[in-house]
Amino acid sequence: KNPEDRYQSTRGIEADLTECLQRLENTGRIHPFPLARQDVSDKFQISRKLVGRQKEIDTLAAAYDRVSRGGKEMMLIAGPAGVGKTALVLEAGKGFARHQGLFLQGQFDAPDRNVPYAAIVAAFHDLVRQLLTESQERLILWRERILAALGANGQVLLDLIPDAAAIVGNQPPVRALEPAAAQRRIKLVLSDFIHVFCRPEHPLVLFLDFLNLADPASLDLVRSLMIDDGIDFLLLIGAYRDEETEADHPLHTAREALQEQGATVGYMDLANLNSEHVGQITAETLRCDRQTAEPLVRVLVAKTRGNPFFLNEFLNLLYSENLLHFDAGQQRWQWDIADISSRMITDNVVELLSDKLQRLDDETLAVITAAAAIGSQFDLQTLAVSCEKSREQTAAALRRAKAEGLIVPLGTACIEQYWDSGMGKLLESPADHLLNCEFKFSHDRIHQAAYALVSASAALPDR
């Protein structure tokens, strides 16, 4: 269940149990009745339900169904920043997993535009970590399949994904080649490696986010995969910002070339939410009926234009400014429309996030801006060295940043467990992968806003 679909308070549980008891005592039976009518929490938590995207989810599910029967397709998802492209694909990914699909995600990043295959390698790096949790018998099977596919080029894979050595073992060195030939060999190895995981029992879904930032080599590999007659059971999903891709962008050129070569390439343009969808999110967040929320919804639509990311940040801002508050006496959320409407609040999401970042304490802000300078993804050890702080100090600052929803931990469930149970355990663990766990900014707009603060501070003259 989504967290908001559970009981939010003991008061709500008590009220329903009391209703059950009264019905049982009065009639001897408990007939169905609406639950959680008195269940209101004083904890502010924005609804996590994905609304207004059922048509798009159905489209992705249909594409996966065709692929699972032996097809191969590519689906491109366009839309402005913050519209929810990633959230849509991750929600659809839950359905793929329920139907034995292998779902992988890679994200292109501006600093890596000159690093060939960076996002694709990152996606399969995570896959290798998943494989290492399987039984010894399964690992032997994967080793046989991978080595059969790669032949004498096993070391090339290890150069890209060192963790794969735990599966395939050490490999003999490969012959040195001229740069162009070496690049072709890397492309061949990645293509063969991907082929290993495109199987009838678990079709492969590879989600490449920020495809508008993809390097030429990655776009060429995508094209090769889509026209390779030897590969089936593959669904490639690419998300990109249409406002950042001109008509002559390499992505559009690649798309047109694929269509001319007969590849199946679908397309969907994701728009902002309408007022009905904003109303649903608002009503569920504030645990009230749609009519009660209507005046607030009109302000939210006007301010955010239905952009999901901006809507979430705007609601968080209203709460932090006490413009949304819980009335314990009336057991409901309250707001003053006149006060909210009169406030001069920016309609620029980066400015809004910059303001949010600058409300952090000095130590947390310093760590977050240092992390932004490293990239959208970073690890604890590198960040601690960059900040010239101990791991303990850096971890404490990251914990506060996580509480604000600015970053999320990456990696295994074990890392999550150590993170959530206290940073002390994380730091005391002797395991290197726990000591050096990785994080990423929860949205690239947050990374952008934090990096802008780095640039602004660097531009200040010495005093």
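# Reading the sheets and buried residues of a predicted model

Student: Which residue in β3 stands opposite Leu102?

Tutor: Leu204 in β3 stands opposite Leu102.

Student: What makes β2 and β3 a pair?

Tutor: Two strands pair if there are at least two bridges between them. β2 and strand β3 (residues 204–209) have six bridges, in the parallel sense, so by the cut-off of at least two bridges they pair.

Student: What makes β3 and β4 a pair?

Tutor: The cut-off is again at least two bridges. β3 and β4 have five, also in the parallel sense. One place to look is Leu208, which stands opposite Gly238 in β4.

Student: In what order do the five strands of the open sheet lie?

Tutor: The order is β2-β3-β4-β1-β5, with parallel pairing.

Student: Why is one side of β2 and of β5 left without a neighbour in the sheet?

Tutor: β2 (102–107) and β5 (265–269) each have a single partner strand and stand at the edges, so one side of each has no neighbour in the sheet. From one strand to the next, the twist of this sheet averages 15 degrees.

Student: Which strands does helix α9 touch?

Tutor: Helix α9 (residues 216–227) packs on the sheet and touches β1 (72–78), β3 and β4 (234–240). The direction of α9 makes about 140 degrees with that of β1.

Student: Why is β3 described as largely enclosed by the rest of the structure?

Tutor: Six of the six residues of β3 are buried, so the strand is largely enclosed. Leu204, Leu206 and Leu208 point one way, Val205, Phe207 and Asp209 point the other way, and all are buried.

Student: What do β6 and β7 form?

Tutor: They form a hairpin, with four residues between the two strands. In the turn, Gln331 has a positive phi of about 55 degrees. β6 pairs with strand β7 (residues 332–335) in the antiparallel sense over four bridges, and the bridge partner of Leu324 in β7 is Trp335.

Student: Why does Thr282 count as buried?

Tutor: Buried means under 20% relative accessible area. Thr282 has a relative accessibility of 0%, so it counts as buried. Thr282 lies in helix α11 (residues 275–286). Leaving aside residues up to four places away in sequence, Thr282 touches Ala293, Leu296, Val297 and Leu300.

Student: Why is Thr133 called exposed?

Tutor: Exposed means over 50% relative accessible area. The value for Thr133 is 63%, so the residue is exposed. Thr133 lies in the loop between α4 (118–131) and α5 (136–150).

Student: What lies 2.6 Å from a polar atom of the side chain of Thr133?

Tutor: The backbone oxygen of Gln130 does. A polar contact needs a pair of N or O atoms within 3.5 Å, and the distance here is 2.6 Å.

Student: In what order do the three strands of the other open sheet lie?

Tutor: The order is β8-β10-β9, and the pairing is antiparallel. β8 (377–379) and β9 (407–409) stand at the edges with a single partner strand each, so one side of each lacks a neighbour in the sheet. The twist averages 30 degrees from one strand to the next.

Student: How many bridges join β8 to β10?

Tutor: Three bridges join β8 to strand β10 (residues 438–441). Asp379 stands opposite Glu438 in β10. Helix α17 (residues 380–387) lies across β8 and β10, at about 80 degrees to β8.

Student: Over which residues does pLDDT stay under 50?

Tutor: One such stretch is residues 412–435, for which the model has 35 contacts beyond four places in sequence. Where pLDDT is low, the predicted coordinates should not be read in detail. The protein chain averages a pLDDT of 86, and 90% of the residues score at least 70.

Notes:
Residues are numbered from 1 along each chain as its sequence is written. Side-chain values use heavy atoms; hydrogens and water are left out. pLDDT is the predictor's confidence in each residue, from 0 to 100. Contact means heavy atoms within 4.5 Å. Axes are lines fitted to C-alpha atoms, for helices over the stretch in contact, and angles run from 0 to 180 degrees between N-to-C directions. Buried means under 20% relative accessible area, exposed over 50%, partly exposed in between (1.4 Å probe, protein chains only). A polar contact is a pair of N or O atoms within 3.5 Å; within protein, one must be able to donate a hydrogen and the other to accept it, and residues adjacent in sequence count only if both atoms are side-chain atoms.
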